[in-house]
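Have the viewer open as you read.

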Amino acid sequence: MKELSVYYCPGCGRYNYSRPLAHMTCPVCELPLKRLTSYSGFCRLNEEERDKLLVEKIIAGNPAACSRFLAYIRSCSSGEAAALQTPDPRCLESENQKLNETIQWMHQTIWDLLLKNKELEQTLEKSPTKAGRTGKR
Ligand SMILES: [Zn+2]
């Protein structure tokens, strides 16, 4: 008797456990299922490792799946985070530049706010009526 194997759909990542059969198709995509690994090997993996194995296999067998994954990831995240997935180093450079500028801008804004706060404090200190200082300890 042959050992159980794990079969997966290269289109949607659904999988099932089965003995080798001549013809199995995904009930959703109707694509022929491919063998992923042995059942016993699959059982040793945790959920995360199983997903990783599936994703690796799907991408290896179908490079177009990469763009589908990326499109999905991008749809779930902001533009900046998605751009970090871009393998083109020139894109990364300009993206890093943009991030650095954002950080600099944030620092400048925080600094400006701190300065304004200090000015406000000094103004209040000088104020003879001590207006607005009631809340201060
Ligand atoms: Zn499928």
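The report below goes from the overall layout to the sheet, the core, and a few single residues.

## Overall layout

Please keep in mind that this is a predicted model. The secondary structure of the protein chain comes to five helices and three strands. Reading from the N terminus, the elements follow the order β-β-β-α-α-α-α-α.

How much of the protein chain counts as buried? Of its 137 residues, the buried share is 7%. Among contacts with a separation of 6 or more, 34% are between residues 24 or more positions apart.

## The sheet

Three strands form an open, antiparallel sheet, and their order in it is β2-β1-β3. Why does one side of β2 and of β3 lack a neighbour in the sheet? Both strands stand at the edges, each with a single partner strand, so one side of each is left open. On average, neighbouring strands of this sheet are turned by 35° against each other, direction ignored.

Take a look at the pairing of β1 with β2. Strand β1 covers residues 5–8 and strand β2 covers residues 15–18; they run antiparallel and are joined by four bridges. Within that pairing, Tyr7 has Asn16 of β2 as its bridge partner. The two strands form a hairpin with six residues between them, and in the turn Gly13 has a positive phi of about 85°.

Helix α2, residues 47–61, lies across β1, β2 and β3 and runs at about 145° to β3. Apart from neighbours within four places in sequence, Leu54 is in contact with Tyr8, Gly13, Tyr15 and Leu36.

Which residues make up the largest nonpolar core? There are nine in all: Val6, Tyr7, Tyr8, Cys9, Tyr15, Leu33, Leu36, Leu54 and Ile58. The elements giving two or more residues to this core are β1 and α2, and β1 gives the most, with three residues. As general background, nonpolar side chains tend to be buried together in soluble globular proteins.

## A helix that is hardly covered

Helix α3 spans residues 64–76 and has 13 residues. From its first C-alpha to its last it reaches 19 Å, close to the 18 Å expected at 1.5 Å a residue. How many of its residues are buried? The count is zero, and α3 is hardly covered.

Glu30 has a positive phi of about 60°, although it is not a glycine. You will find Glu30 in the loop between β2 and β3, the latter being residues 34–38. Is Glu30 buried or exposed? Glu30 has 9 other C-beta atoms within 10 Å, and because the cut-off for exposed is 12 or fewer, it counts as exposed.

Cys43 is found in helix α1, which covers residues 39–43. With 12 other C-beta atoms within 10 Å, Cys43 is exposed too, because exposed residues are those with 12 or fewer. Cys43 and Val6 are 37 residues apart in sequence, and their C-alpha atoms are 9.8 Å apart in space.

Conventions
Residues numbered from 1 in each chain as written. Predicted model: local features only at pLDDT ≥ 70, side-chain atom pairs only at ≥ 80, totals over all residues. Pairing = 2+ DSSP bridges. Expected span 1.5 Å × (residues − 1). Buried ≥ 20, exposed ≤ 12 C-beta atoms within 10 Å, placed from the backbone. Contact = placed C-beta atoms within 7 Å. Axes fitted to C-alpha atoms, helices over the stretch in contact; angles between N-to-C directions. Core = buried A, V, L, I, M, F, W, Y, C linked by C-beta atoms within 7 Å.
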